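Please look over the sequence and the structure, then read on.

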Amino acid sequence: MKTSHAFLLIGAALAWGGAVRAQALPDAKTTYEHAKATAEANYKAARARCGQIAGNPHELCMAEAKAARVRVEEEAEAAYKNTLSAYTQARMRIASANYDRDRVRCAAVTGNDRDVCLEQAKATLVAAHADAKADRKAIEARQDAREDKLAAEYRVAIEKCDAYAGAVKDQCVNTAKTAFGK
């Protein structure tokens, strides 16, 4: 009788612990949806603040609100998808939103200062896109190099196993396969 109660208590404790752990670590989709909802709420609040301003400051306020919303949404989406492509796309979209904001900011100045401001905004956009592409290529190159190194180390381990025979060789090969995930 005491043993069955002990098993019931242990089972209940494990079930409760699992439920608490599930609540403590929200899944990626819930986190993503929460971030999108927060971004939208912040954007609406910023739009309301911007509605009290007129002229170019209003346009700049709206552009800053849009850029902030894009940043939060893109970072959340990239984290949700968790792929190199998603992170690269997010960086490019954030850079484009920042470029739109900078163009609005440049509308406040005139003459050559405006031209310089617009060129600086365009240069910042091009640099951000180039950095995102370069970082992606560097990460891909490191991944390829890591895979090549592991393949070479695996071939060495298998070659070392050729010195043995029978069950010892089989055990060596199995150990190498396990160690290198083959």
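In what order do the elements of the protein run from the N terminus on? The order is α-α-α-α-α-α. The model is a predicted one, and it holds six helices and zero strands. Of the 182 residues in the protein, 20% are buried. Among contacts between residues at least 6 apart in sequence, 56% join residues at least 24 apart.

## Helix 2 and helix 3

Helix 2 covers residues 28-50 and helix 3 covers residues 56-81. The axes of helix 2 and helix 3 lie 9 Å apart, and the two helices pack at an angle of about 180 degrees. Helix 2 and helix 3 are therefore roughly antiparallel to each other. On the side of helix 2, the residues that make the contact include Ala-28, Tyr-32, Ala-39, Tyr-43 and Cys-50. On the side of helix 3, they include His-58, Met-62, Arg-69, Val-72 and Tyr-80.

The largest nonpolar core also belongs to this part of the protein. It has six residues, namely Tyr-43, Ala-46, Cys-50, Cys-61, Met-62 and Ala-65. Helix 2 and helix 3 each supply at least two residues of this core.

Which residues does Cys-50 contact, leaving aside its neighbours within four places in sequence? They are His-58, Cys-61 and Met-62. Cys-61 and Met-62 are, like Cys-50, listed in the core.

Tyr-43, another residue of the core, also takes part in a charge-ring arrangement: the charged end of Arg-69 sits over the ring of Tyr-43. The distances are set out below.

| Charged residue | Ring | Distance from charged end to ring centre |
|---|---|---|
| Arg-69 | Tyr-43 | 4.1 Å |

## Aromatic pairs

How many aromatic pairs does the structure hold? It holds two. In one of them, the rings of Tyr-32 and Tyr-80 have their centres 5.0 Å apart and their planes at 5 degrees, so the pair is stacked. Tyr-32 lies in helix 2 and Tyr-80 in helix 3, so this pair ties together parts that are 48 residues apart in sequence. Tyr-32 counts as buried because its relative accessibility is 16%, under the 20% limit. Tyr-80 has a relative accessibility of 34% and counts as partly exposed.

The other pair joins Tyr-154 and Phe-180. Their ring centres are 5.9 Å apart and their planes are at 70 degrees, so the pair is edge-to-face. Tyr-154 lies in helix 5 (residues 111-161), while Phe-180 lies in the segment after helix 6 (166-179), so the pair ties together parts that are 26 residues apart in sequence. Tyr-154 is buried, with a relative accessible area of 16%. Phe-180 is partly exposed, at 24%.

## Helix 5 and helix 6

Tyr-154 also takes part in the packing of helix 5 against helix 6. The axes of these two helices come within 9 Å and cross at roughly 170 degrees. Helix 5 and helix 6 are therefore roughly antiparallel to each other. In helix 5, Tyr-154, Ala-157, Ile-158 and Cys-161 meet Lys-169, Cys-172, Val-173, Ala-176 and Lys-177 of helix 6.

The C-alpha atoms of Lys-160 and Val-173 are separated by 9.1 Å, and the two residues are 13 residues apart along the chain.

Asn-82 is placed in the loop between helix 3 and helix 4 (84-106). Most residues other than glycine have a negative phi. Phi of Asn-82 is near 55 degrees, a positive value. Asn-82 counts as exposed, at 56% relative accessibility.

Thr-88 is placed in helix 4. With a relative accessibility of 6%, Thr-88 counts as buried. Which residues is Thr-88 in contact with, leaving aside its neighbours within four places in sequence? They are Ala-132 and Arg-136.

Notes
Residues are numbered from 1 along each chain as its sequence is written. This is a predicted model: local features need pLDDT of at least 70, side-chain atom pairs count only at pLDDT 80 or more; totals for chains, interfaces and linings use all residues. Side-chain values use heavy atoms; hydrogens and water are left out. A nonpolar core is a set of buried Ala, Val, Leu, Ile, Met, Phe, Trp, Tyr and Cys residues joined through side-chain atoms within 4.5 Å. Buried means under 20% relative accessible area, exposed over 50%, partly exposed in between (1.4 Å probe, protein chains only). Helices (H or I, at least four residues) and strands (E, at least two) are DSSP runs, numbered from the N terminus. Contact means heavy atoms within 4.5 Å. Rings of Phe, Tyr and Trp (its six-membered ring) pair if their centres lie within 6.5 Å; planes under 30 degrees apart count as stacked, over 60 as edge-to-face and the rest as tilted. A charge sits over a ring if NZ of Lys or CZ of Arg is within 6 Å of the ring centre and within 35 degrees of the ring normal. Axes are lines fitted to C-alpha atoms, for helices over the stretch in contact, and angles run from 0 to 180 degrees between N-to-C directions. Angles under 35 degrees count as roughly parallel, over 145 as roughly antiparallel, 65 to 115 as roughly perpendicular and the rest as oblique.
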